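Student: I keep meeting labels in structure descriptions. Can we go through some of them, one by one?

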Amino acid sequence: MPEALWTADEIAKAVGGKVVGDFAVTGVSIDTRTVEAGDLFVPLVGVRDGHDFVPQAVANGATGVLAAKAVDAPAVMVEDTFKALERLGVAARERAPQCKRGAVTGSVGKTSVTRAVEAGLRLAGKAHASVKSYNNHIGVPLTLARMPRDTERAVFEIGMNHADEITPLSGFVQPHAVAITTVGPVHLENFPDGEQGVARAKAEIFAGLRPGGIAVLNADNRWFEFLKAEAEKAGATVWSFGEAPGATARLTGFSVEGEGATVSIDLRGEALSFPIRQTGVHWGPNSLCVLLMLEALDVPRETALAALAAFAPIEGRGAEKTVRIDGGAFTLVDESYNANPVSMQAALKTLGARKVAGRRVVALTDMLELGEDSDRFHAELAGPIDHANVDVVFVAGVHMKSLWEALPPTRRGGYAEVTEKLTAQLAGAIRPGDVVMVKGSNGSKAGVLARALAALDLGEQG
């Protein structure tokens, strides 16, 4: 039987609650759909009252409940389950003083970098990390509450849509090292001062940094000097990465070889080359960010390099699939999880750099939360598409109509206002030898296109 994560008495002491029926738990969950045997179920009150789902959580294996209402199950009773979850997260942090904690934010790449850092931490010892993209006001304390007491190192993803959201999350984690992957035009509709407001919001991650902490920053980003100043104001030591002269880890080469690449760097004057299982050009700087974060969290370099060499692309973030169709096969590059102008340009640059037997085809859906300049950002993708020598473009969404109109007729594959209505014409146009990249914001359902193309595989149909 797994060791208890929390006993009822420990939970009650941490949150200031009252035990009703003794129990112990091996995990923490807020969603009945993902409850596992032995979990503590925390019913949150939102559009629906989570207390209504307690019977289902118990039926799915929850052994205890953190409740604000009477429930027919062993429980710790509190006044506010959300506040109690926050307190449980803080208690988990405080009972593991030996744990070195890292936090990652950024407009692009924070989930991939977090996952890669996690891979290194797990190779190095007892590690803990965010599940999926649990990076908001609920996800961060939940991730902390799930952290075992003997954890040696942990990494947390921290996200935001508005100002003043990262500050409390950084305060919960109290990281020893933080990384800002980059700052770009994302969530602009929520910032009257545009990208400058985004940069200021990302700098909030320094708020909870432990004394003497390390800030890992992108030296190639236009906001580097601002972020560096903010980090130093918070007492951080700044390590930088990128191609810029003087970067702590400076990228000197990136060459794609088959299903991976070789990264060449200058690390504090030492020349290094190492393999990674990624082909995206953005993984040049990303790998440097990961390397510095792992160093900051006391992971040996050999372990960090081994983790990078083994870390595979994540589904929806560059994962590739060979899809067999009549007459041969095509390559599906699934970038459907999210998109903004920065990540779109990086993905298109990567597509343009790879050798193809057939055509370069892209299927793009709307980039969301770009504010009043959204149509302009979409139309401007015509330039990177041209530079990448893309042969055929399929687009879906009201904003992608601006890109459609900016494209020459020779590149136009198909347009639909609704993503689902593009699937048939896209699927019908693919030929053997093509490399097809699907990218768009999660909210504009780019994943629908990726799944439709994957479903064409004759091997899986049979």
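Tutor: Start with buried: it means under 20% relative accessible area, while exposed is over 50% and partly exposed lies in between, for a 1.4 Å probe and protein chains only. This is a predicted model, where local features need pLDDT of at least 70, side-chain atom pairs count only at pLDDT 80 or more, and totals for chains, interfaces and linings use all residues. Residues are numbered from 1 along each chain as its sequence is written, and side-chain values use heavy atoms, with hydrogens and water left out.

Student: Why is Lys439 called buried?

Tutor: Its relative accessible area is 4%. The limit is under 20%, so Lys439 is buried.

Student: What makes Glu335 and Lys439 a salt bridge?

Tutor: A salt bridge needs a side-chain nitrogen of Lys or Arg within 4 Å of a carboxyl oxygen of Asp or Glu. Here N to O is 3.5 Å. Glu335 is in strand S18 (residues 328-335) and Lys439 in strand S22, 104 residues apart. Strands (E, at least two residues) and helices (H or I, at least four) are DSSP runs, numbered from the N terminus. Glu335 is buried too, at 10%.

Student: Why are Lys228 and Glu232 about one helical turn apart?

Tutor: Both sit in helix H8, 4 residues apart, so about one helical turn separates them. Lys228 has 26% relative accessibility, so it counts as partly exposed. Glu232, at 42%, is also partly exposed.

Student: Why are H4 and H9 called oblique?

Tutor: They pack at an angle of about 45°, with their axes 9 Å apart. Axes are lines fitted to C-alpha atoms, for helices over the stretch in contact, and angles run from 0 to 180 degrees between N-to-C directions. Contact means heavy atoms within 4.5 Å. Under 35 degrees is roughly parallel, over 145 roughly antiparallel, 65 to 115 roughly perpendicular, and the rest oblique. H4 and H9 are therefore oblique.

Student: How do you know that helix H7 is mostly covered?

Tutor: Of its 8 residues, 6 are buried. Among them are Val198 and Ala199. What covers the buried residues includes strand S8 (100-105) and helix H6 (166-173).

Student: What makes Asp298 partly exposed?

Tutor: Its relative accessibility is 47%, so it counts as partly exposed. Asp298 lies in the loop between helix H9 (283-296) and helix H10 (301-310).
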